[in-house]
Number of protein chains: 2
Amino acid sequence: MNHCTRCGAKVALRVPEGDSRLRHVCGRCGEIHYLNPKLVIGCVAEWEGRLLLCRRAIEPRHGLWTLPAGFMENGESTTQAALRETREEACARVVIDRLFALISIPHIDQVHLFYRARLLDAEFDAGEESLETALFDEPRIPWDRLAFRSVAFCLETYFADRRAGAFGFHEHTLPPP
Amino acid sequence: MNHCTRCGAKVALRVPEGDSRLRHVCGRCGEIHYLNPKLVIGCVAEWEGRLLLCRRAIEPRHGLWTLPAGFMENGESTTQAALRETREEACARVVIDRLFALISIPHIDQVHLFYRARLLDAEFDAGEESLETALFDEPRIPWDRLAFRSVAFCLETYFADRRAGAFGFHEHTLPPP
């Protein structure tokens with residue numbers, strides 16, 4: 001961040017009065033610009049025991065496999081974000097069950113939420129940001145071609161819970177690689 | 001948002017190629033500025049059956065009661081945010097138990113997370129953003145002087161769960177008032 005979004009003047013890093021952290025503060029109008037973590041939200045969507053994955057058509061991690069997920073937008077709820085991302089990336093319609101995982105990733109300022117979900121039918125297809133979409137049973141998950149560590153955590157935990165006969169809610173923090 | 005954070009030129013609202021939403025796009029350098037929901041994180045902290053509340057010393061809702069909570073910062077996990085806010089607003093040390101509530105508030109672009117927690121001791125005090133802090137048992141909660149609807153939802157649900165003998169995880173979306 002170089003410039004103030006309000007007046008366009010240069011910003012400088014300083015600790016505002018009453019604060020304890022460095023913020024981008026405008027040198028002209030004094031506006032304080034706060035930067036906060038972003039939410040990435042998606043689904044672990046099941047159809048007849050298999051899970052829906054998408055192969056990424058965009059960077060980062062072009063060509064690798066991921067769960068349908070993306071940045072939450074202003075004006076929506078967390079479940080609306082999960083439904084929208086699943087529709088956009090995999091052209092799939094799902095019913096959301098419960099929140100399954102919350103994964104903090106402090107070094108990239110993100111929090112990932114994944115919901116368990118069921119596909120309403122076997123109709124799905126690659127959206128604009130996907131090269132292909134497919135259903136995988138556990139032995140066929142492309143473990144060495146997964147795009148993100150949060151996705152790997154989610155899939156491993158999902159199958160462990162399924163084997164144990166009960167799905168929980170899982171919270172996890174990913175350290176820097 | 002009027003100006004580009006990268007180059008300072010004016011931004012205009014338009015739908016970028018491959019997108020379906022209006023974004024603030026820089027008229028000079030082309031940078032696309034995404035606005036995303038913010039996370040507010042706090043604790044429902046119990047000490048000998050009573051809950052810790054803070055009376056706000058800042059706007060909005062100056063003078064009204066709230067759970068210790070605030071905006072998640074870059075570089076921290078969700079539980080670190082909950083611990084930090086509880087320390088800053090109530091000078092209290094807690095042990096976090098489980099995530100208790102996730103409340104989407106789409107019309108103000110926020111998601112609130114509240115953890116159940118236990119105070120480590122009865123030492124607490126008003127932080128800089130609080131006028132006073134106090135422990136309340138259920139009949140004495142200042143229901144008509146609560147600062148936020150998410151706090152009211154959280155407290156009502158907490159006491160209902162406690163009466164029922166088991167704490168769950170609660171997801172809720174607040175409509176505009």
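## Helix 2 of chain A

Ser150(A), Val151(A), Cys154(A), Leu155(A) and Tyr158(A) are the buried residues of helix 2 of chain A. Here, buried means that 20 or more other C-beta atoms lie within 10 Å of the residue's own, exposed means 12 or fewer, and partly exposed is in between, with C-beta atoms placed from the backbone.

Just past the helix, Gly165(A) has a positive phi of about 90 degrees.

## What kind of model this is

This is a predicted model, where local features need pLDDT of at least 70 and side-chain atom pairs count only at pLDDT 80 or more, while totals for chains, interfaces and linings use all residues. Residues are numbered from 1 along each chain as its sequence is written, with chains lettered from A and ligands numbered from 1 in the order in which they are written.

Helices (H or I, at least four residues) and strands (E, at least two) are DSSP runs, numbered from the N terminus.

## Strands and their partners

In chain A there is an open sheet of 3 strands, ordered 1-2-3 and paired antiparallel. Strand 1 (11–14) and strand 3 (32–33) are its edge strands, each pairing on one side only. To count as paired, two strands need at least two bridges between them in DSSP. Strand 2 (residues 23–26) of chain A is joined to strand 3 of chain A by 2 bridges, and His24(A) has His33(A) as its bridge partner.

Over in chain B, strand 5 (residues 50–56) pairs antiparallel with strand 4 over 2 bridges, and Trp47(B) stands opposite Arg50(B). The two strands form a hairpin with 2 residues between them, and Glu48(B) in the turn has a positive phi of about 50 degrees. Strand 5 of chain B also pairs antiparallel with strand 10 (residues 130–136) of chain B, over 6 bridges; there, Thr133(B) is the bridge partner of Cys54(B). With strand 6 (residues 65–66) of chain B, strand 5 of chain B makes 2 antiparallel bridges, and Arg55(B) stands opposite Trp65(B).

## How the two chains meet

Chain B superposes on chain A by a rotation of 180 degrees with 0.0 Å of shift along the axis (RMSD 0.0 Å). That is the relation of a two-fold axis. Within chain B, Gly8(B) comes closest to the rotation axis, with its C-alpha at 2.3 Å.

The contact uses 34 residues from chain B and 34 residues from chain A, where contact means C-beta atoms, placed from the backbone, within 7 Å. Strand 8 of chain B gives the most to the side of chain B that touches chain A, with 3 residues. Because 100% of the interface residues of chain B are also interface residues in chain A, the copies meet through the same surface.

Terms used:
Least-squares fit on C-alpha atoms with pLDDT ≥ 70 in both. Contact = placed C-beta atoms within 7 Å.
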